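I will take them one at a time.

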Amino acid sequence: MSRILFACSEAHPLIKTGGLADVSGSLPPVLQALGDDVRLVLPAYRQVLQRLPQLPVAAELNLPGSAAPVRILEATLPQTDVTVWLVDAPAYFDRDGGPYLGPDGHDWPDNAARYTLFARAVVELAQDRAGLAWRPDVVHCNDWQTGLVPALLAQEPQRPGTVFTIHNMAYQGLFTRAVFDTLNLPEGLWHMEAMEFYSQFNFLKGGLVFSDWITTVSPTYAQEIRMPAFGYGLEGVLNHRAARLRGILNGVDYAIWDPAHDPLIPHHFGPTRPAGKKKNKAVLQQQFGLVAEAATPLVGLVGRMVEQKGIDLVLDALPALLEQHPLQLAVVGTGTAAFEQAFRDLAAHYPQRVGLFIGYDEGHAHLVEAGADIFLMPSRFEPCGLNQIYSLRYGTVPVVRRTGGLADTVVHADAATLADGSATGFSFEAADSAALGETLQQALELYGQPPRWRRLMVSGMRQDFSWEQSARHYQELYRQTGQ
Ligand code: ADP
Ligand code: GLC
């Protein structure tokens, strides 16, 4: 058994902007079930405090960067037995807006100070200096917001082991020298072998340089990020540390994402009970203002509307596809203003065929998974991707780009894989709208052959991406950390 302090900037169901929250909300309870003693540490954002009011104060810390003492509030991750420590620094976290962006959609101007304070609090907890009488064996950090933690721990003569998981290389937490000067960090961190990066301060680099193990969330992405196209300038560091880099595929929490018992969908279904899926499709069509046509293929898309997700490829490919095929589209997402507007225009041009929900809403996300026939995820890069794995379970055949975790989770349907029953979806290589269009057409052709389509759906629904195997890989690494 190990004691694990799991540090992250979001965790479902307390606060979520994307897949990191799904992972942080589901891996710790599985580790705990496998025998580890896990504590989650998270900033006490306003949304979290609203959800969990009146929490007891477990500790108070005096930290540089905060005039008032920083309180550690204690809670339990809902529906689990995992303790959550919330770093309560109201000046930094108790505000309207998202965890990283203000209500205007721009990064909070004090993000460097916010996540420096958070990292300092994590270090105090990790060193058992908060008076909580609990010393972790390993601190497991996630993404740039926790990148300073391994760097600060490396300065301690005695410290726990460190694992740093990259969920996305594209977000590095880059700040100017002037900002660095305001953070009161050790000057030694401003060094090219530490966290200096082409004259900027790079939080992610702290995790890559100083942690005992670096992991990322799929085996393919672990290879890709060692190349310039995916490493964004940090490929050299990653190659240097290649012996300490592993790809561990994310798991899925089927307590939340399984159509057999999902409370957010109107009709339950499964591989041996297919009827509910058709009923969900009718509900989806009705709620998204689409014509009620049971046989028309319905394509779903859920996700952040950003360049990563290949949204531009979708927007390029769709007009021709909508002209050539009797298909419908249901989209749920939020992101770049230009992409949001382009989808609004498309929906206005094809009323009753393109249904749109701009915003963040879990009920809508689950309904699209449950009611659509095909799920589109043509990401330019994808560290793991969870929506395609959810889609498999919901019988919503994924059409994906063959990159990162998408390549590791979807088996392309060709003559051989269809014949041996291993096919679970469709994938294509080139990041262009022509390749997307051709592949979607292949999917539509197979959709027109119901017995073969059904076989493909069912082999996807029977895939098992539950956490246990991946959690055991993390446990192996935990055992190999430390000095
Ligand atoms: P990423 O973390 O890059 O956004 P993932 O596929 O790993 O991509 O995870 C995305 C998660 O966020 C999924 O649980 C998905 O359902 C959810 N999600 C994304 N956009 C929305 C939205 N607009 N409304 C509700 N849930 C969303
Ligand atoms: C990131 C990635 C996504 C991954 C998620 C959870 O947000 O973009 O691919 O699934 O983290 O690891």
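My entries below cover a ligand site and then a single residue.

**Entry: ligand 2.** I am working with a predicted model. I found 14 residues around it, and His 167, Asn 250, Glu 382, Cys 384 and Gly 385 come nearest. I sorted the shell by type: six residues are nonpolar, six are polar and two are charged. Helix α1, residues 19–33, gives the largest share of this shell, with three residues.

**Entry: where ligand 2 sits.** I checked the domains next. Domain 1 (3–251 + 467–480) and domain 2 (275–461) both give residues to the shell, so ligand 2 lies between them.

**Entry: polar contacts.** I then looked at the oxygen atoms of ligand 2. An oxygen is 3.0 Å from an N or O atom in the side chain of Gln 308. For the backbone, I noted a polar atom of Cys 384 at 3.0 Å from a ligand oxygen. A polar backbone atom of Pro 383 is 3.4 Å from an oxygen of the ligand. Taken alone, ligand 2 exposes 310 Å², and the protein buries 93% of that.

**Entry: Leu 185.** I moved on to the loop between α6 (177–182) and β9 (196–197), where Leu 185 is found. Is Leu 185 buried or exposed? Its relative accessible area is 10%, under the 20% cut-off, so I put it down as buried. Beyond its neighbours within four places in sequence, I listed its contacts: Thr 116, Arg 120, Leu 148, Leu 152, Phe 180 and Phe 201. Last, I checked Val 84, which is 101 residues from Leu 185 along the chain; their C-alpha atoms are separated by 27 Å.

Terms used. Residues numbered from 1 in each chain as written. Chains lettered and ligands numbered in written order. Predicted model: local features only at pLDDT ≥ 70, side-chain atom pairs only at ≥ 80, totals over all residues. Heavy atoms only, no water. Near = heavy atom within 4 Å. Polar contact = N/O pair within 3.5 Å; in protein donor to acceptor, adjacent residues only side chain to side chain. Areas by Shrake-Rupley, 256 points an atom, 1.4 Å probe, with all protein chains shown as cover. Helix = DSSP H or I, 4+ residues; strand = E, 2+ residues; numbered from the N terminus. Nonpolar A, V, L, I, M, F, W, Y, C, P; charged D, E, K, R; others polar. Domains from an automatic or database assignment. Buried < 20%, exposed > 50% of the residue type's maximum accessible area, 1.4 Å probe, protein only. Contact = heavy atoms within 4.5 Å.
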